[in-house]
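Have the chain in view as you read. The paragraphs below go through a few of its parts, one after another.

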Amino acid sequence: MEKIYDVIIIGAGPAGLSAALYAGRAKLKTLVLEGTKVGGQIAITSEVDNYPGSMSDATGPTLTARMVEQAKQFGAEMVPDSATGTDFKREIKIVKGEKDEYKGRSVIIATGANPRRIGCPGEVELTGKGVSYCATCDADFFQDLEVFVVGGGDTAVEEALYLTKFARKVTIVHRRDKLRAAKYLQEKAFENPKIDIMWNSVIVDIKGDGIVDSAVFHNNDTGETLEIKAAEEDGTFGVFVLVGYVPVSKVFLGCIDTDEIGYIIADSRMRTNVEGVFVAGDVRVKTLRQVVTATADGAIAAVEAEKYLEHKE
Ligand code: NAP
């Protein structure tokens with residue numbers, strides 16, 4: 001017999017896993033398409049110390065593992081597949097994956113957001129060869145080396161602080177003369193002797209033959225350009241690009257309403273413009289993208305999906 005889920009959750013970050021927990025507890029037949037990485041952004045986050053109850057020993061991966069375990073305990077089925085297409089026109093909604101096709105009476109989109117690139121020459125070619133988007137994943141490779149962190153938001157400053165545990169020197173490269181990060185993070189960065197800040201600056205070229213060995217910096221204020229080469233004894237340095245995120249919503253464009261950037265529009269009940277399709281977490285238009293708001297969205301979306309299904313019966 002053809003398998004039809006009550007709810008298909010696309011994405012397994014905090015929003016998707018929280019939705020899975022609530023849907024599972026409501027005895028809905030729940031499928032979670034995990035995508036490429038379970039845990040979403042927090043899977044690559046060193047510390048999650050602003051999620052209530054999650055103290056300094058909690059890392060992104062440990063919190064994720066507990067969320068997965070809990071969702072499974074309540075019956076959610078986890079499948080390692082990524083959505084590549086959808087058909088939401090009929091009552092039974094279809095989600096096409098890379099491996100299979102899935103049918104559900106409702107859908108919760110929780111696909112999150114991916115790191116934004118700076119878009120300079122060398123960035124793509126040298127990714128994994130000195131250029132990184134994840135301090136937690138790659139800090140280890142830069143033990144006693146120099147690293148540059150591009151960005152001035154919470155992520156950049158938080159990860160710059162984390163990188164000081166490994167790198168000899170950390171330089172934050174920020175395009176303006178003021179950081180965007182929370183004040184307490186700024187204070188920690190200013191106090192840290194290993195952290196320098198290169199104000200009003202952007203990286204315009206990253207160079208290296210197989211591994212990063214130099215980068216060109218442009219000062220937006222003075223118009224000056226400066227090439228920094230890796231110290232001879234090091235041979236390389238790290239460039240951590242932490243300049244925000246772009247929503248993972250390409251698959252839904254054209255069938256779900258989004259804003260001009262691609263964030264999915266929903267009401268306070270997580271309902272999109274398509275009946276039976278809900279959204280939760282970083283992929284939706286919202287003012288605060290945090291684990292705590294993602295999990296709240298997931299809970300609301302699952303409860304709303306349950307109500308929607310009840311009314312359909
Ligand atoms: P963000 O707040 O959007 O900051 C992005 C930073 O990158 C900004 O400083 C921006 O500069 C800079 N930037 C953007 N595009 C750039 C480019 N092409 N070249 C150079 N610089 C560029 O992103 P985020 O720091 O990743 O944070 C995302 C969300 O997660 C935020 O809501 C944040 O509060 C939250 N978050 C919270 C925590 C925490 O509370 N512990 C930790 C991580 C993230 P401008 O400042 O000039 O725009």
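Lys93 stands opposite Gly104 in strand S7. Strands here are DSSP runs of E with at least two residues, helices are runs of H or I with at least four, and both are numbered from the N terminus. This is a predicted model, in which local features need pLDDT of at least 70 and side-chain atom pairs count only at pLDDT 80 or more, while totals for chains, interfaces and linings use all residues. Residues are numbered from 1 along each chain as its sequence is written, and side-chain values use heavy atoms, with hydrogens and water left out.

S6 and strand S7 (residues 101-104) pair in the antiparallel sense over four bridges; two strands count as paired if DSSP finds at least two bridges between them. Three residues lie between S6 and S7, and the two strands form a hairpin. S6 also pairs with strand S5 (residues 83-87), again antiparallel and over four bridges. In that pairing Gly85 stands opposite Lys96 in S6. S5 and S6 form a hairpin too, with five residues between them.

How many of the five residues of strand S6 are buried? Four of the five residues of S6 (residues 93-97) are buried, so the strand is largely enclosed by the rest of the structure. Buried means under 20% relative accessible area, exposed means over 50%, and partly exposed is in between (1.4 Å probe, protein chains only).

Turn now to helix H2 (residues 60-73). Its 14 residues should span 20 Å at 1.5 Å a residue, and its end C-alpha atoms are 20 Å apart, which agrees. The expected span is 1.5 Å times one less than the number of residues. The buried residues of H2 are Gly60, Leu63, Thr64, Met67, Val68 and Ala71. Seen down the axis of H2, these residues fall within an arc of 135°, so they line one face of the helix; the arc is that of the directions from the helix axis to the C-beta atoms. An α-helix has 3.6 residues a turn, so residues three or four places apart point the same way. The buried residues of H2 pack against helix H1 (14-25), strand S4 (77-79) and helix H6 (291-312), where contact means heavy atoms within 4.5 Å. Just after H2, Gly75 takes a positive phi of about 95°.

Most residues other than glycine have a negative phi. Asp144, in the loop between helix H3 (135-138) and strand S11 (146-150), has a positive phi near 65°. Asn200 has a positive phi near 50° and sits in the loop between strand S13 (195-198) and strand S14 (201-207). Asn200 is buried, with a relative accessible area of 18%.
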